[in-house]
Amino acid sequence: MVAVVGSLNLDLTVVVARAPEEGETVLGRHLRTYPGGKGANQAIGAARLAPTAIVGAVGSDHAADVLRGVQQRAGVDTSHLRTTPGPTGRAVIIVSDDGQNRIVVVPEANSLLKAEDVTTALDALDPAVVLTQLELLPVVTWAAAQWARDHDRRFVLNPSPVIDLDEYVLAGADPLVLNEQEALHYAGLPAGAPFDEIVTRLLEQVRTVVITRGGEDVVVGTEDAIEHLRVPQVDVVDTTGAGDHFAGTLAALLGTGEDLFAAARRASADAARLVASRRSDR
Ligand SMILES: OC[C@H]1O[C@H](O)[C@H](O)[C@@H]1O
């Protein structure tokens, strides 16, 4: 079983020809709401391949009902999804015609999840893999990392959005799953740094690393090898949630005993299919 300790948001998405500059107004189209949140997206990705539960919090509003229902229909165990007073998390997303996005997250209920909620849920679920990201409070991320370490379970960490992470949390990551910009941040290197140096710096802090580089490749680093895996080439329509789907798929496959390199290959093929479609068609 995979336990995803993570965020759930209702996403308000708009498509634009190009994202506005500071002080500029542009016209948009296709204003839609979608179920989202990195945790929720990852749980749906994982649930296609392995029993999966989400540990998180939603508010007491219509958005909460929508998000809970979507998780349940995807086969995700929601018995540790807390309901808190007030609004559910929201995100505002601008998707440009080149498929790239800009996201603002308003955490709301996500910030009401407590460390004790996570420990209690993980004790009850007893997962083989704990997957988390950084849209919850830092003490909650810490609790997830600590539980996995204390119980000798696999801890998959997607350190997004970027924050200054405690080295205790990073040290348990096996793997750390992140994109190129995030990799530069955690490696403490400037844009344009040689890729093998980025991976080497990260491997000084974590056990294994998987870096997704859009249509370029996926880089997998362990203490034995650094490999650049080819990714399927597709026409990019919307990248939103593709990294989450990748992380969820990877965590599920690792939980079934798949090797890290094979799991990363399969996850990138699955994520490529998502990138090539609008969210309304997924
Ligand atoms: O990674 C995409 C997700 O980030 C934010 O959490 C949004 O809710 C969106 O669904």
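I take the expected span of a helix as 1.5 Å times one less than its number of residues. I need that rule for the two helices below. I also note at the start that this is a predicted model.

**Entry 1: helix α2**

I looked up α2, residues 62–73. I found twelve residues, with 17 Å from the first C-alpha to the last. The expected value is 16 Å, so the two are close by the span rule.

Next I asked which residues of α2 are buried. I listed Ala63, Ala64, Leu67, Gly69, Val70 and Gln71. An α-helix has 3.6 residues a turn, so residues three or four places apart point the same way.

Then I checked what covers the buried residues of α2. Gly75 follows α2 and has a positive phi, near 90°.

**Entry 2: the chain as a whole**

I counted nine helices and 13 strands. The chain has 282 residues, and its radius of gyration is 18 Å. A compact globule with 282 residues would have a value near 19 Å, so the chain agrees with that rule. Along the principal axes, the C-alpha trace spans about 50 × 45 × 30 Å.

How much of the chain is buried? I got 52% of the 282 residues. The accessible surface comes to about 12400 Å². Carbon and sulfur atoms hold 51% of that surface.

For charge, I counted 24 positive and 38 negative side chains. The centres of the two sets lie 6 Å apart.

**Entry 3: helix α8**

I looked up α8, residues 242–255. Its 14 residues should span 20 Å at 1.5 Å a residue, and the end C-alpha atoms are 20 Å apart, so the helix agrees with expectation.

Is α8 mostly covered or mostly open? I found it mostly covered, with twelve of its 14 residues buried. Among them are the charged Asp244 and also His245, Phe246 and Thr249. The buried set also includes Ala242, Ala247, Gly248, Leu250, Ala251, Ala252, Leu253 and Leu254. Just after α8, Gly257 takes a positive phi of about 100°.

**Entry 4: backbone exceptions**

I kept one background point in mind here. Most residues other than glycine have a negative phi, and most peptide bonds are trans.

Which peptide bonds did I note as cis? I noted Ser160 to Pro161, with omega near -5°. I also noted Asp174 to Pro175, with omega near 10°. Pro161 is in the loop between β9 (154–157) and α5 (167–171). Pro175 is in the loop between α5 and β10 (176–179).

Asp126 has a phi of about 50°. Asp126 sits in the loop between α3 (115–125) and β8 (129–132). Its relative accessibility is 42%, so I count Asp126 as partly exposed.

Asp152 has a positive phi of about 55° and is not a glycine either. I placed Asp152 in the loop between α4 (138–150) and β9. The cut-off for exposed is over 50%. Asp152 has 70% relative accessibility, so it counts as exposed.

**Entry 5: two loop residues**

I looked up Arg18 in the loop between β2 and β3. Arg18 has 43% relative accessibility and therefore counts as partly exposed. Which residues does Arg18 touch, leaving out those up to four places away in sequence? I found Glu24, Val26 and Ser96. Arg18 and Ser96 are 78 residues apart along the chain, yet their C-alpha atoms are separated by 5.0 Å.

Last, I turned to Pro159, in the loop between β9 and α5. Is Pro159 buried or exposed? Its relative accessibility is 0%, so Pro159 counts as buried. Leaving out residues up to four places away in sequence, Pro159 touches Leu134, Leu165, Leu176, Val177, Leu178, Glu182 and Tyr186. I also checked Pro159 against Thr208. They are 49 residues apart in sequence and 13 Å apart in space, C-alpha to C-alpha.

Technical notes. Residues numbered from 1 in each chain as written. Predicted model: local features only at pLDDT ≥ 70, side-chain atom pairs only at ≥ 80, totals over all residues. Heavy atoms only, no water. Helix = DSSP H or I, 4+ residues; strand = E, 2+ residues; numbered from the N terminus. Buried < 20%, exposed > 50% of the residue type's maximum accessible area, 1.4 Å probe, protein only. Contact = heavy atoms within 4.5 Å. Rg over C-alpha atoms; globule rule 2.2 N^0.38 Å. Areas by Shrake-Rupley, 256 points an atom, 1.4 Å probe, with all protein chains shown as cover. Charge placed at Lys NZ, Arg CZ, Asp CG, Glu CD.
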